[in-house]
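Open the model in your viewer and keep the selection panel handy.

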Amino acid sequence: MIDNTAAIDVRGLRKRYGDVQAVDGVTFEVARGEFYGILGPNGAGKTTTLELVEGLRQPDEGSAHLLGEPSWPRSKRLLRRIGVQLQASAFFEKLTAREQIHTFAALYGASRERADAMLDTVGLTEKRDVRDDKLSGGQAQRLSIACALVHDPELVFLDEPTTGLDPQARRNLWDLLRGINSTGRTVVLTTHYMDEAELLCDRVAIMDAGRILRVGPPADLIRELGANNLEDVFLQLTGREYRE
Amino acid sequence: MSAFRSLSWAMALGLLRDRTAVFFMLIFPLMLLALFGVLFQNESTSRSAIVQVGDVAVLDDLPEAEFAALSDALTIEKTADRERALEEVREGDVDAAVWEEDGRVQLRYSAADAARAGTVQGLMRSVVQGANLAATGLPATYELATDQVEDKSVKAIQYFTPGLLGWAIAMGASFMSAFTLVQWRRKRILRRLWLAPVGPGTVISARIGVSLAFSFVQVAIFLAVATMPYFGLKLTGNWWLSLPLVACGTLSFMSIGLLIGAWAKSDEAANGALQVVIMPMAFLSGSFFPTGDMPGWLSTVADFLPLAHLNTSLQDVLSRGGGWGDALPVMGGLLLFTAVVTAVAARLFRWDST
Ligand SMILES: Nc1ncnc2c1ncn2[C@@H]1O[C@H](COP(=O)(O)OP(=O)(O)O)[C@@H](O)[C@H]1O
Ligand SMILES: [Mg+2]
């Protein structure tokens, strides 16, 4: 039986932290196999949106369904089908790259061979005996992505995977992400880089102050608004300059 | 590997690779044990020493058997120089000098240590009187019959092995659980585990399992060292009761660590709070020295400290022949303490460090 529900179906999500309305009524849908980007400046509410969608936090209002199942309350069956890379690399204390990914593999019931293969895919075989705190920023990001993919999830969430990387490392990571998407997985990524969104994403949601302002393929957005690039699109939508 | 085993493995590796942690939770307490063991080696067998100047008939003519008995309590050096002998007394090198002059036995002692001076005087008086009685050729009217009883007081090693062991376990369990919480929160591992298909029960039992295993390793190493002939700890019959006691103690110290880990935002804050809690607790619980003479209000404080009860009952089962009767109430109390403190920690718990 083919499951035709959307990969992600989000309706009216809201989340408040004290005085800050971090997410203010977010609704969007992501099709299976799509590469979806959430673009916005720092503090726009991208991370919070992702955390609500993943089921890491309980929304004040609204709902998120992943692969047809609600993401809150937490369900182990759903968690097995999704892979998450948190904005900050989440690693165990004092373990090497290989031990980290083996631990994650065991949590998901994936084999060690699969874990080693994943390490190879992200180009970390040579660094497998290096502890997490001795890895460079790009290596840590790649390890973190490898850990998110170790159980071969259908749906992958990546929170600003290229932030803080040098240009070469960013390009390498882009190749990796395109590779993941081309094998049929749905990928959702947040970024505050315009060029990244334009290059990678089938569709982007432009986010500011907890709201999604516009959704569409980058080229369409640029054409519709008669802009030169996404930066101009942002300027037209918000009336202010985009600051990364 | 199952989720439980791999999580336990990850925690154990993280612990063993933390050199500072291993030093403070294992090596340092063992160093103290060895140090105390050496310092208090001869504590109970301190003999008095005197210098005999020239010939002293009452000592020189003492029958072999009586001389041997005297030697258990008294070391007798000989010299010919009275001035030197008196100088040694003044310096405190010996407790008294003795010589014979015109048929009188002269004893000169230093009053620096009144108890020793008294012992020496008593011993010499009995020697002189024994000689007087022998000189009369009469049978003795009264006789003193003596025999030894097994003493109830504890030898130093019997006392401080349980105390130091209790302290080591308190440090290990509380530091580990506090740091796991603070570091996992800081590194967002807690969040990451929430998004993995494992239940909180698996994570918590792995954490408890690793702490229990570490505590048992501490017990094994401590007892192995303390029972070496050099240190001379004698284990009593029910010593294995120390294992369930240590398990309950570990849980109660883990709950203290959880409380501090739930409250602390950084490693430094957690470390500071742990030091402030564990060190005074160890002192008040008699981990380092007996607390019999503590003022009443301090003993009342100590009554609420899990380590005080663990130390006493460890001493009971390890070296005083205690049994279930001594261990069970303490185990119950420790578990109750664990339940209360864990409940408070759960209320303070936060997912994020910000
Ligand atoms: N745990 C939190 N507690 C309080 N405020 C938060 C928390 N997380 C985020 N915020 C606030 O919510 C807003 C959105 O943050 P975030 O979702 O991290 O944005 P982005 O990922 O787009 O940079 C910001 O103003 C931020 O300060
Ligand atoms: Mg963010």
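Select S252(B) to begin: at 0% relative accessibility this residue counts as buried (under 20% relative accessible area; exposed is over 50% and partly exposed in between, with a 1.4 Å probe and protein chains only). The model is predicted, so local features need pLDDT of at least 70 and side-chain atom pairs pLDDT 80 or more, while totals for chains, interfaces and linings use all residues. Residues are numbered from 1 along each chain as its sequence is written, chains are lettered from A and ligands numbered from 1 in the order written, and side-chain values use heavy atoms, without hydrogens or water.

S252(B) sits in helix 10 (residues 242–263) of chain B; helices are DSSP runs of H or I, at least four residues, and strands are E runs of at least two, numbered from the N terminus. Now show what S252(B) touches beyond four places in sequence: P306(B), L334(B), F337(B) and T338(B), where contact means heavy atoms within 4.5 Å. A polar atom of the S252(B) side chain also lies 2.8 Å from the backbone oxygen of G249(B).

Next, move to chain A and pick D159(A), in strand 7 (residues 155–159) of chain A. Is D159(A) buried or exposed? At 3% relative accessibility, D159(A) counts as buried.

Finally, select helix 3 (residues 97–108) and helix 5 (residues 137–149) of chain A, whose axes come within 9 Å. Axes are lines fitted to C-alpha atoms, for helices over the stretch in contact, with angles from 0 to 180 degrees between N-to-C directions.

Methods
Polar contact = N/O pair within 3.5 Å; in protein donor to acceptor, adjacent residues only side chain to side chain.
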